[in-house]
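Reader: I'd like to go through the salt bridges and some helix packing in this one. Can you put the model up?
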Amino acid sequence: MNFFSFDPLIGHSLHIDFQQLHQWFVTSLDYIGTLAFAISGIRLASAKNFDLFGAYVMGLATAIGGGTVRDIMLGQPIFWMCNGVVYFAIVAAALLLVWLFREHVVRRDNTWFLFDTVGLGMFTVIGIEKALACGQPMWVAMMMGALTGAGGGVIRDVFLNEIPLIFRAEIYALACLIGGLAYWSGTQLALSPVTCGFACGTSVILTRILAVRYNLHLPILHSGEGDSDFPA
């Protein structure tokens, strides 16, 4: 165990287990991200008049979809199959929250944006952490972070018959990659994993907020005027 001891003049001793602190940090991000993404999925399902079961399935798919694809690509046991009761309970709690506070959650776009952005930041950190724990290089970890963060949103939008957000002009998956760069920069400065994760999640959230606030986006690929050369 990696301990830090601090002995002030008054004779007290403070011991910090950094491995345990890091595990608590990752677990907290996982649960917060699950709740945030579940609420974003259920909120959109409610806006399209899904029944309770359909809304629950939508929240569950949004919350665990990206992590499921990530674990398959990394050749790891699917995370929610190892401790599924917790994730199913979190999604149920999200459904209850949307049901009780639907006037504030469903009808306000800024509420959806808040939960979706928080979930994106939290899950990006989780994806990077898990890929690095599997011995993958940093560039793969950054891709897994983007997949974990944006994958659930892709599944949500497909279920809702919408064009996935990452394919539109909004900065979405790119925010995950920017967060990955922040994590990598922290490792180059020999910062702790907790600090790197905090920098990563904060970078993702700030990037999304600034992009929406100032209407920042990538260039749009237009087909041009006239008939397209591609078959219908």
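Author: This is a predicted model. Arg156 and Asp116 form a salt bridge, with the closest N and O atoms 2.9 Å apart.

Reader: Where do Arg156 and Asp116 sit in the chain?
Author: Arg156 is in helix H7 and Asp116 in helix H6, 40 residues apart, so the pair links distant parts of the chain.

Reader: Are Arg156 and Asp116 buried or exposed?
Author: Arg156 is buried, and Asp116 is as well.

Reader: Which residues are linked in a network of salt bridges?
Author: Asp116, Arg156, Asp157 and Arg208.

Reader: How many salt bridges does the count come to?
Author: The count is 6 salt bridges. One of them joins the side chains of Asp71 and Lys130, at 3.1 Å from N to O. Asp71 belongs to helix H2 and Lys130 to helix H6, 59 residues apart.

Reader: Why does Asp71 count as buried?
Author: Its relative accessible area is 0%, and buried means under 20%. Lys130, at 22%, counts as partly exposed.

Reader: Switching topic. At what angle do H2 and H4 pack?
Author: About 125°, with the axes 10 Å apart. The crossing of H2 past H4 is right-handed.

Reader: Which residues make the contact?
Author: H2 contributes Leu52, Ala55, Tyr56, Gly59, Leu60 and Ala63. From H4 come Phe88, Val91, Ala92, Leu95 and Trp99.

Reader: How many of the residues in that contact are nonpolar, polar or charged?
Author: 10 are nonpolar, 1 is polar and none is charged.

Key: Residues numbered from 1 in each chain as written. Predicted model: local features only at pLDDT ≥ 70, side-chain atom pairs only at ≥ 80, totals over all residues. Heavy atoms only, no water. Axes fitted to C-alpha atoms, helices over the stretch in contact; angles between N-to-C directions. Helix = DSSP H or I, 4+ residues; strand = E, 2+ residues; numbered from the N terminus. Left-handed = near helix turned anticlockwise from the far one by under 90°. Contact = heavy atoms within 4.5 Å. Nonpolar A, V, L, I, M, F, W, Y, C, P; charged D, E, K, R; others polar. Salt bridge = Lys/Arg side-chain N within 4 Å of Asp/Glu carboxyl O. Buried < 20%, exposed > 50% of the residue type's maximum accessible area, 1.4 Å probe, protein only.
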